[in-house]
Amino acid sequence: MLHDLTALEQGDAVRRGEVSPLELVEHYAGRADHVGAFVTTTHDLAREHARGLTEAGRPADAGPLWGVPTGIKDLHPTAGVRTTFGSAAYDDFVPEESDELVRSVESAGMPSLGKTNTPEFGSPCYTEPDVAPPAVTPWDTTRTAGGSSGGAAAAVAAGLLPVAPGSDGGGSIRIPASCCGLVGLKPSRGRISGAPRYGDPVGLATAGTLARTVRDAGALLDVLAGRRVGDPFWAPPPSAPFLAACDREPGRLRVARFVAPVIADVDVHPSSVTAWDDASRLLADLGHDVEDVAVPIPREAVADFETCWAVLTALSEAPPGREGRLRPLTRWLSERGHVVSGPEFGLAIARLRQHAAGALAALAAYDVVLTPTLAMPPVEVGALRDDADPARDFAAQKAFTPWTSAWNVTGMPAMSLPLHWTDDGLPVGVMLAARPAEEELLLSLAAQVEAAAPWVDRRPPGW
């Protein structure tokens with residue numbers, strides 16, 4: 001079936017005239033969403049876009065994903081399309097303008113089938129909003145798809161989309177990638193523009209890609225990447241398309257590894273350690289030098305990250321009169337953010353910059369860093385959420401994700417790769433991170449790993 005093909009294979013079939021963009025849209029529109037992937041579907045708009053692509057004809061500069069459908073995370077304003085930001089406070093909001101990510105996807109000739117599910121304002125690491133059913137992993141639909149790009153990951157993993165953009169401020173691409181058995185790429189700070197909203201003054205968050213293969217992830221990064229006038233951060237352009245990096249040998253690399261959580265008092269599940277150990281051996285077998293290192297970021301950084309996270313949540317305000325529709329966790333975090341003074345916020349950002357500089361210096365001799373992605377396999381829906389005690393909820397989230405936010409602090413590109421499954425069939429990711437702006441090397445290594453231990457033929461129940 002069409003959804004058995006990778007995104008690039010579908011794009012190639014469109015290029016050869018074997019399938020039309022409309023046929024791909026109709027195929028995916030006909031598949032039932034049993035994983036809570038979408039908040040709002042836009043099948044008619046996707047059909048209209050696909051017909052327009054065929055009528056206009058394939059442009060000379062069309063990329064390899066031209067004509068391939070996707071979806072847009074419900075944090076990205078989309079002109080004329082209901083955009084809730086995962087919040088009941090915005091359950092009827094329809095923006096007049098799209099942000100740059102949406103425009104990039106549309107101009108690349110990728111029809112959007114809808115807005116993918118996300119928790120309120122993208123804050124929690126689980127996707128259980130009030131505006132849609134929970135997003136669940138198709139490997140076990142009683143368990144979370146992760147968050148905050150849970151809907152995008154669930155859609156790709158269940159064969160409802162071939163590839164999808166997500167966003168990541170503390171692990172929100174890599175967490176659902178691990179829960180759903182996907183490749184999840186958080187690029188370097190500034191690689192993808194946050195225009196025109198620039199909603200994160202700290203520089204923690206970025207858009208990125210969720211895909212079934214490394215090459216699909218690289219191809220979508222080519223669609224999304226690029227600097228816009230006014231961007232506060234930017235990464236230097238790559239030497240060639242990111243997709244091309246997936247077809248290059250990485251050479252012999254120095255790999256730093258650590259398994260100790262960045263966050264204190266975390267119990268790491270044996271499957272996460274096994275996945276990390278197995279990945280270490282695989283990298284060594286591929287000829288790379290794997291070395292144990294100390295945790296490069298001090299645990300004091302956690303408090304500064306939390307301060308910034310709380311302030312960022314406070315910036316995500318409900319429309320006047322709708323504050324009561326916000327979830328308990330959002331209100332709790334927002335209250336924490338509102339009591340932070342301007343100087344305290346500035347000092348927290350400065351300390352994060354200092355922690356990042358120290359980590360980058362400590363890791364400078366290494367090409368990549370290997371850790372587990374999560375402390376445990378995907379947990380049951382509701383296991384992390386605690387509406388009665390948001391502080392306990394937040395602590396549970398930190399224990400679930402004790403490594404991912406480190407690379408948001410440093411701005412390094414990082415990927416979760418689906419290299420391990422538990423005995424009962426749950427996916428467990430491992431995480432690779434590279435120096436800032438070295439996505440090409442990271443993609444090259446990830447493609448080498450995928451070739452040595454392929455996963456694309458692993459398909460969940462209901463595929």
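A contact means heavy atoms within 4.5 Å. In the protein chain, residues 24 or more positions apart account for 80% of the contacts with a separation of 6 or more. This is a predicted model, in which local features need pLDDT of at least 70, side-chain atom pairs count only at pLDDT 80 or more, and totals for chains, interfaces and linings use all residues. Residues are numbered from 1 along each chain as its sequence is written, and side-chain values use heavy atoms, with hydrogens and water left out.

Start with the overall form. The protein chain has 15 helices and 11 strands (DSSP runs: H or I of at least four residues, E of at least two, numbered from the N terminus). Its C-alpha trace spans about 60 × 55 × 45 Å along the principal axes. For 463 residues, a compact globule would have a radius of gyration near 23 Å; the chain has 20 Å, which agrees (C-alpha atoms; the rule is 2.2 Å times the number of residues to the power 0.38).

Next, burial. Of the 463 residues, 60% count as buried (under 20% relative accessible area, 1.4 Å probe, protein chains only).

Now the charges. The chain carries 39 positive and 58 negative side chains (Lys and Arg against Asp and Glu; His and the chain ends are not counted). The centres of the two sets lie 2 Å apart, with charges placed at NZ of Lys, CZ of Arg, CG of Asp or CD of Glu.

Asp393 sits in helix α13, residues 390–400. Asp393 is buried yet has no salt bridge (a side-chain nitrogen of Lys or Arg within 4 Å of a carboxyl oxygen of Asp or Glu). The nearest side chain of opposite charge, Arg327, is 6.0 Å away. Not counting residues up to four places away in sequence, Asp393 touches Tyr126, Leu329, Leu384, Arg385 and Asp386.

Definitions and conventions: Buried < 20%, exposed > 50% of the residue type's maximum accessible area, 1.4 Å probe, protein only.
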